[in-house]
Amino acid sequence: MAEILLFHHAQGLTAGVRAFADALRAAGHRVHAPDLFGGRIFASIEEGLAHINEVGFDAMRVRAEHCADGLPSDLVYAGFSFGVVPAQKLAQTRPGARGALFFYSCLPISGEWAFGPWPQGVPVQIHGMDRDPIFVGEGDIQAAREIVGKAEDAELFLYAGGQHYFADNSLPSFDADATRLLTRRVLDFLDRI
């Protein structure tokens, strides 16, 4: 069993994010899925990002990071899109990380946006669609490839399609086939770490 801290995407803690957390729980894992938006769900990525910017991007990231306070150190950090930011920061900087799962986004481990090098002994999976205008078009795929090239246990999984939030079954971008495969890969990852 793994204990997971799962961060939602910019549209909020949607029914689809909660369903994904429930699927992991059904497989025997303990999942913490904090609501960073106080119950607000946004109709689009743009509206959610506007809310994040209104609160302050750094303030929102710090709020998310504090969700780890009081939790064990041997967590798996997971995030969907915007949620990858705190998940990746915690995986890279909070001692004891057991693993990391990044969906639709990834930050570089070198350069201006980096939290530092990838930590030794922390396995990671990164999932995105091969024609996602955000994951591919904004450079996250290059960051993912950098991690895979430098970390000892890192995998990048690309799915055919151009949707960003493809594993959220409450949104029109949902892709059931890709989500089944993603979920199986995630559960296999959690079983081996």
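Visitor: Is D177 buried or exposed in this structure?
Guide: In this predicted model, the relative accessible area of D177 comes to 55%. A residue is called exposed when that value is over 50%, so D177 counts as exposed.

Visitor: Are D22 and R25 buried or partly exposed?
Guide: These two side chains form a salt bridge of 2.7 Å, N to O, and, being three residues apart in helix α1, they are separated by about one helical turn. D22 has a relative accessible area of 43%, and R25 has one of 36%. Values between 20% and 50% fall in the middle class, so D22 and R25 are each partly exposed.

Visitor: How many salt bridges does the structure hold?
Guide: Besides the pairs already discussed, there is a network of salt bridges that links D58, R61, E65 and K89. For the structure, the number of salt bridges is ten.

Visitor: What kind of aromatic pair do F80 and F103 form?
Guide: A pair of aromatic rings is described by the distance of the centres and the angle of the planes. For F80 and F103 the centres are 4.6 Å apart and the planes stand at 25°. Planes under 30 degrees apart belong to one named class, so the pair of F80 and F103 is stacked.

Visitor: Which strands hold F80 and F103?
Guide: Both F80 and F103 are buried. The pair ties together parts that are 23 residues apart in sequence, because F80 lies in residues 76-80 and F103 in residues 99-103, which are strands β3 and β4.

Visitor: What is the arrangement of the rings of F102 and W118?
Guide: F102 lies in strand β4 and W118 in the loop between β4 and β5, so this pair ties together parts that are 16 residues apart in sequence. F102 is buried, with a relative accessible area of 0%, and W118 is also counted as buried, at 9%. The ring centres are 6.0 Å apart and the planes stand at 85°, so the arrangement is edge-to-face.

Visitor: How many aromatic pairs are there?
Guide: Ring pairs also link F20, F80, F103, Y104, Y159, Y165 and F166 into a cluster. When pairs are counted by centres that lie within 6.5 Å, the number of aromatic pairs is ten.

Visitor: Which hand does the β-α-β unit of β5, α5 and β6 have?
Guide: Strands β5 and β6 pair in the parallel sense over six bridges, and within this region G128 stands opposite L158 in β6. Together with helix α5, residues 140-150, the two strands make a β-α-β unit that is right-handed.

Technical notes
Residues are numbered from 1 along each chain as its sequence is written. This is a predicted model: local features need pLDDT of at least 70, side-chain atom pairs count only at pLDDT 80 or more; totals for chains, interfaces and linings use all residues. Side-chain values use heavy atoms; hydrogens and water are left out. Rings of Phe, Tyr and Trp (its six-membered ring) pair if their centres lie within 6.5 Å; planes under 30 degrees apart count as stacked, over 60 as edge-to-face and the rest as tilted. Helices (H or I, at least four residues) and strands (E, at least two) are DSSP runs, numbered from the N terminus. Buried means under 20% relative accessible area, exposed over 50%, partly exposed in between (1.4 Å probe, protein chains only). Two strands pair if DSSP finds at least two bridges between them. A crossover is right-handed if, with the strands pointing away from the viewer, the path from the first strand over the helix to the second runs clockwise. A salt bridge is a side-chain nitrogen of Lys or Arg within 4 Å of a carboxyl oxygen of Asp or Glu.
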